[in-house]
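Please open the model in a viewer and keep the sequence alongside.

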Amino acid sequence: MTANQSDASIHHDPAHANYHDQFDHKDTHIHSVTALSDSDIAERIATANAHCTKQGVRFTLLRERVYRLILQADKPIGAYDLMQQVQDERTEQARQTGDTSEAKRVAPPTVYRTLEFLLEQGFIHQLTSKNAYVPCCHPRHAHTAIFLLCKSCEAVQEFGDLSVSGLLADIKQLAGFAVQDGVMEFQGLCAKCQVA
Ligand SMILES: [Zn+2]
Ligand SMILES: [Zn+2]
């Protein structure tokens, strides 16, 4: 992607149309990324799998596990917690099957590489303010994402369709810098918490 492409053109890129058919909710472009149903999660895993096959990259068991844990988490989840949960799953499996090779320790670099992969594929975003990961509401390659983080209930919403093309054009013009992807994080109170 180049900075010359407007956000709108990214959004309507036919290569990503498939994702949008599946994830775009017609009524709103703001999506909670921390309250996914089991069927949402299953659908996203299947879509991610198909995406990887198409891209000729492997959706390994570990990649799927880490992605699933991020989808299942009810708040942004950090690398350490992910490692711990992958380890717990392995230990539990080893206990059930008696196959102790499954229980071998998860190496932190492996988990970091897995997170790197999921970021590259556009399945997840990294929230630097929380040092944690969330699933992307519109999984697709490099795009600018805007996150609204509620300080009170910790809800996390991704603005899937807010146009940032003007901002990117300004950056290109004023700084000569070509933005390829990025995450903007805004802290505040969600609509519910303002009433409470
Ligand atoms: Zn996103
Ligand atoms: Zn809130």
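A residue counts as buried if 20 or more other C-beta atoms lie within 10 Å of its own, as exposed if 12 or fewer do, and as partly exposed in between, with C-beta atoms placed from the backbone. Helices (H or I, at least four residues) and strands (E, at least two) are DSSP runs, numbered from the N terminus.

This is a predicted model, in which local features need pLDDT of at least 70 and side-chain atom pairs count only at pLDDT 80 or more, while totals for chains, interfaces and linings use all residues. Residues are numbered from 1 along each chain as its sequence is written, and chains are lettered from A and ligands numbered from 1 in the order in which they are written.

Next, select Arg44, Ala48 and His51, the buried residues of H3. Viewed down the axis of H3, they fall within an arc of 65 degrees and therefore line one face of the helix; the arc is that of the directions from the helix axis to the C-beta atoms. These buried residues pack against H4.

Now display the whole of H3, residues 38-55: its 18 residues reach 26 Å from the first C-alpha to the last, close to the 26 Å expected at 1.5 Å a residue. The expected span is 1.5 Å times one less than the number of residues. Just after H3, select Gly56, whose phi is positive, at about 70 degrees.

Move on to H4 (residues 61-72) and H6 (residues 108-120), which pack at an angle of about 75 degrees with their axes 10 Å apart. H4 is therefore roughly perpendicular to H6, a term for angles of 65 to 115 degrees. To display the contact (C-beta atoms, placed from the backbone, within 7 Å), select Leu62, Arg63, Val66 and Tyr67 of H4 together with Thr110, Val111, Thr114, Leu115, Phe117 and Leu118 of H6.

Then select H5, residues 79-97, which has 19 residues and reaches 27 Å from its first C-alpha to its last, close to the 27 Å expected at 1.5 Å a residue.

Finally, show the entire protein, which has 8 helices and 6 strands. From the N terminus on, its elements run α-α-β-α-α-α-α-β-β-β-β-α-β-α. Of its 196 residues, 24% count as buried.

Note on methods: Axes fitted to C-alpha atoms, helices over the stretch in contact; angles between N-to-C directions. Parallel < 35°, antiparallel > 145°, perpendicular 65-115°, else oblique. Contact = placed C-beta atoms within 7 Å.
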